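Please read this briefing alongside the sequence and the 3D structure.

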Amino acid sequence: MAWVVSVTLCGLALGYVGARAAYALDVAVGLGGHVVPGCLAPIRLTFVDPPGDVACLRVLQNVRDAWGGETRMSFEFPMVLSDAGDCEEVIPLYDVEQPIRVELLAASGMVLAEQEVGLRPEEKDEPFPVGVGALSALFADRAVLVSPAELPRTWSAYAAAESVWIGRTRDGLDADRWDALACWVLSGGTVVVFTGGDFFLLDAPRLRDLLPIANPVLMKREGGTRVLAGDLRDDAAVLLSKEGVPWLIAGRYGGGSVLLVTTDALSLDHEESAELLRHIPPARALSLVAATSDLLDQQSVDHPNTWVATLLVGLVVIALSLLVARREWRPSMGLALLGVFGLLALSSYLHTAPRVVNDLYRTETRVSVYGSLGISVSCSALFSSSPRAAEAEVRLDGVPAEVLPRRFGSGSCDLSYVDGTAQMKLAPGGRRFLTALGTASAVLQARLTGDAEVHLASRLPRRIPDALLLVDGEAFPLPAIEPRDVTLHLGNPLPSGTYRLGGESGPLERLLAAAARTFPLDQGAWLVAGEVTEMRRTGDGLRTKVRQVSLYVVEVGRD
Amino acid sequence: MTRPHILIDFDSWRPFLGLVLFCGGALVFSIPGGRVVRDLAPASYALRLPTFFYAYALTMGLLGLALGTASAERGERGAPMLLWLTLRVLLGQLLCLPYLVFSRALFPGREGAVVLIFVLTTLVSLLCATFSRLTERPTPWRSSTGSAKYLLFLCYYAIPLAGMPLLSPLGAVRSLLDGVAPLWALLAFAVPTALLAVLAPLAVRLGGSRAHV
């Protein structure tokens, strides 16, 4: 009997080990294996054999503060394989001292394979330049070098990059990676593209969209060096020239910069490389945390009026006094008593019905940026005024990155993210700030059709009440944007320097000020529009007051 | 000497006034201050302790004690005594009704708990009134058992908080607002109900005895 049990147990153990071994995987974290604590980072899983019954990927991360407080974060994604057979997701990394645990889960939730990945050797303190392909020695020494296949396909994965330099590659970049880079530049990133004779290795529709020149053609400079030339776009500027031929051209795409080096990556000498390095601006990522924190602080609080409560006490005392003052007691007094206190109770109800205290206050800000592509940057800020620990659930555009406090109680910053929804606990009086980066269809477009006319095409599901058109620093107020195509005549501009959107010093203005730090709204033509909505949600025994502030920033084309 | 039964008069209104003022003050104090979220941080959650309900549970108990004493002073006895005590306790509840409706705004989604607290405090107040009536001699002068009565009252409210909060009206109020499991909620009601079931017949019998007149 013992023999049978032993064999059965051994068989089960071997089967278990075998099942895990069947999903041997290789895990790569970060840009070229490098991460910056607190930033989003790509995580790529490569499989020995394509996983058949793996339903999702879970990444677990323990984070410790300097005082020993520990919190646990879990990120779960449905398993989606790329054409190359790998799986790429983006996760925030907080504590490089702790390894992360990567698990492959079956639909039943059973762990099919798991692996621990250490991060410490690849830590960087600040965002860093990323070089793709072959680059000259000066660049290669300064950048984290990655192959084109290692470049992430999701724009939020570039959060740790200061700039991306694209050098000589054998096969260029695929469309997904160009789109990811374009979205990142749209959000404030910086891309340097070395072209020259390598241009046609890189050439792609999205690259042409990004380049600060139109109609690119290859030319030969004296000495035989091949340079890329073309028609300068409106917002492009030649930064450096050699023998009258531009070799560094800067252009703008959304909030970011595209630097075109018209020669190839290996033809620059040391001085030219050093000169070029001085002209590369770091990425200016759009951050909504400070603005959202301010807006959360300014969110109005619901509660009954203290003076009304005091008046109520006074009325009850008066009613009691009148009751006592009666010398004779008659049955009709009982009815009067019921009537008076019923009336007071009804008054209490009518006063308090719209002033019920909330357990959670939530401010959600979102800036949607539309060019030829669309992205969204959002931030959800929560504050708990509940006397008990409150469980909150937040829908997000992408995996959330959080600003963690320097010191947290064990478990107080736990977070579980499952495919677009984050669940977390808030201690009484606690705050959480979650930021998410996502892609979006460019559902709002604008084009200047003349000196005083703008054509708007809105595919948004609703009307946007507040809008401004900014043309070279001048602000033209627009009527509400309806969800259809419309051509509007521009009126008189607002006084110089005023970008009034929504109410004065209102949430839209605060969000616009935050966006203006990344997007050069005083240059070129921009449509900015926004809306503020407030609602109260009740669920899981919690009452939440939600304020949503949405800003649309659209780069306006010109006919 | 027995005076005619009366719900409330000039001689017996002070406990009701105390109830109305103390609960009203607690209600006003329970309202979180501040116009915006910034004003709430970081102490707002402390104000959202069920201060009003604590005050309500406490003063309803004290009202019961005072009503028992007043009943003894009036020389009330028998089943009518119990009926009038119940009516006076319900009058106290009626006086607090506007506050209870108001407090709904401070504890949204816990209307069921407020109803349960209403029932619990009625039971506790009636228990205290009956206990007080039993310990008082039906004479118009002050009873010597007064201090012991209030000491026992404090013990009932305070001691269970150390180990079995549900047995104290204050702990029960907190637990009901926190959404305690139904079985535990029953325990909160079981103590005053059981004690009342024992004391009420005693009060009817002893209070009805001529020996006390």
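**Strand pairing and sheet in chain A**

Strand β3 (residues 56-64) and strand β4 (residues 70-78) of chain A run antiparallel and are joined by nine bridges, where strands (E, at least two residues) and helices (H or I, at least four) are DSSP runs numbered from the N terminus, and two strands pair if DSSP finds at least two bridges between them. This is a predicted model, in which local features need pLDDT of at least 70 and side-chain atom pairs count only at pLDDT 80 or more, while totals for chains, interfaces and linings use all residues. Residues are numbered from 1 along each chain as its sequence is written, with chains lettered from A and ligands numbered from 1 in the order in which they are written.

- A:C56 has A:P78 in β4(A) as its bridge partner.
- Seven strands of chain A form an open sheet of mixed pairing, in the order β7-β6-β3-β4-β21-β22-β19.
- At the edges of this sheet are β7 (111-117) and β19 (390-395) of chain A, each of which pairs on one side only.

**Chain A as a whole**

- The secondary structure of chain A comprises 10 helices and 31 strands.
- The C-alpha atoms of chain A fill a box of roughly 120 × 95 × 40 Å, taken along the principal axes.
- Of the 559 residues in chain A, 43% are buried (20 or more other C-beta atoms within 10 Å of a residue's own, with C-beta atoms placed from the backbone).

Definitions and conventions. A residue is buried if 20 or more other C-beta atoms lie within 10 Å of its own, exposed if 12 or fewer, and partly exposed in between; C-beta atoms are placed from the backbone.
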